[in-house]
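Please look over the sequence and the 3D structure shown here.

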Amino acid sequence: MADERRSGCPINLAVEVLGDKWSLVVIRDMMFGNRRHFRELLQNSEEGIASNILASRLQRLTELGLVSRAPDPTHKQKVVYSLSEPAIQLVPVMAHLGAWGRRHLPVTPQLAARAELLERGGPELWEEFMDELREQHLGIPRPEGRESVFERLRAAYEAALST
């Protein structure tokens, strides 16, 4: 695989992993939408990802170690996808992408609500959210006594929908 890389530049290498049209969107939906099953990712995609593209991206993200896949204990024919630690560490990148998009692109207020909350919350909120994702996806307990960032993000989105 090393021969297939254009260069050893960290930005280039990150773009080679995440720079296609769908990979970050799939990670976003797992991260912010808590979508962990293929059908959830497919049917709840705002952008309308095709099933073959979703399957391809999930396979690639799994091969690259950003997503893991395990049998769903509640259903014999389903699998559960989980974010890995490297994917969870993309939270600050996602927050910055959302902030940039809010400032420079024609976003809808409803879909920009979470990005605004993440931007205002800054690194402290991002760390809390990463701890929560580690609990959800990796089974690592987060510090006690913290309000759910996921619930705050969901509430911000739902509040924006009602305006």
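H2 is mostly covered, with 8 of its 11 residues buried. Buried means under 20% relative accessible area, exposed means over 50%, and partly exposed is in between, with a 1.4 Å probe and protein chains only. The buried residues of H2 are Ser23, Val25, Val26, Ile27, Asp29, Met30, Met31 and Phe32. Helices (H or I, at least four residues) and strands (E, at least two) are DSSP runs, numbered from the N terminus.

This is a predicted model, in which local features need pLDDT of at least 70, side-chain atom pairs count only at pLDDT 80 or more, and totals for chains, interfaces and linings use all residues. Residues are numbered from 1 along each chain as its sequence is written, and side-chain values use heavy atoms, with hydrogens and water left out.

What does H2 meet in H4? Ser23, Val26 and Ile27 of H2 are in contact with Leu54, Arg57, Leu58, Arg60 and Leu61 of H4, where contact means heavy atoms within 4.5 Å. By class, this contact of H2 with H4 has 5 nonpolar, 1 polar and 2 charged residues. Ala, Val, Leu, Ile, Met, Phe, Trp, Tyr, Cys and Pro count as nonpolar, Asp, Glu, Lys and Arg as charged, and the others, Gly among them, as polar.

Two packed helices are described by the angle between their axes and the distance between the axes. The axes of H2 and H4 (residues 51-63) come within 10 Å and cross at roughly 80 degrees. Axes are lines fitted to C-alpha atoms, for helices over the stretch in contact, and angles run from 0 to 180 degrees between N-to-C directions. Angles under 35 degrees count as roughly parallel, over 145 as roughly antiparallel, 65 to 115 as roughly perpendicular and the rest as oblique. H2 and H4 are therefore roughly perpendicular to each other.

Leu58 is one of the H4 residues in that contact. Leu58 is buried, with a relative accessible area of 2%. Not counting residues up to four places away in sequence, Leu58 touches Val26, Phe38, Leu41 and Tyr81. Leu58 and Ile27 are 31 residues apart in sequence, and their C-alpha atoms are 9.3 Å apart in space.

Asn34 is found in the loop between H2 and H3 (38-43). At 28% relative accessibility, Asn34 counts as partly exposed. Leaving aside neighbours within four places in sequence, Asn34 is in contact with Asp29, Glu40, Gln136, His137 and Phe150. Asn34 and Leu133 are 99 residues apart in sequence but 9.1 Å apart in space, C-alpha to C-alpha.

Arg35 lies in the loop between H2 and H3. Arg35 is buried, with a relative accessible area of 18%. With neighbours within four places in sequence left aside, the contacts of Arg35 are Asp29, Met30, Glu40, Leu41, Asn44 and Ser45.

On the H6 side, the contact includes Val91, Pro92, Ala95 and His96, and on the H7 side Ala112, Ala115, Trp126 and Phe129 are among the residues involved. By class, the contact of H6 with H7 has 11 nonpolar, 2 polar and 4 charged residues.

The largest pocket holds about 1,000 Å³ of space. On a 1 Å grid over the protein atoms alone, a pocket is an open set of points where a 1.4 Å probe fits, with protein on both sides within 12 Å along at least five of seven lines, and lining residues have an atom within 4 Å of a point. Grid points are joined across faces, edges and corners, and a volume is the space filled by probe spheres set on the points. The pocket is lined by 33 residues, of which Arg28, Glu47, Gly98, Leu111 and Arg114 lie nearest its centre. H2, H6, H7 and H8 (149-161) are the elements that give two or more residues to this lining. H2 gives the most, with 7 residues. By class, the lining has 16 nonpolar, 6 polar and 11 charged residues.
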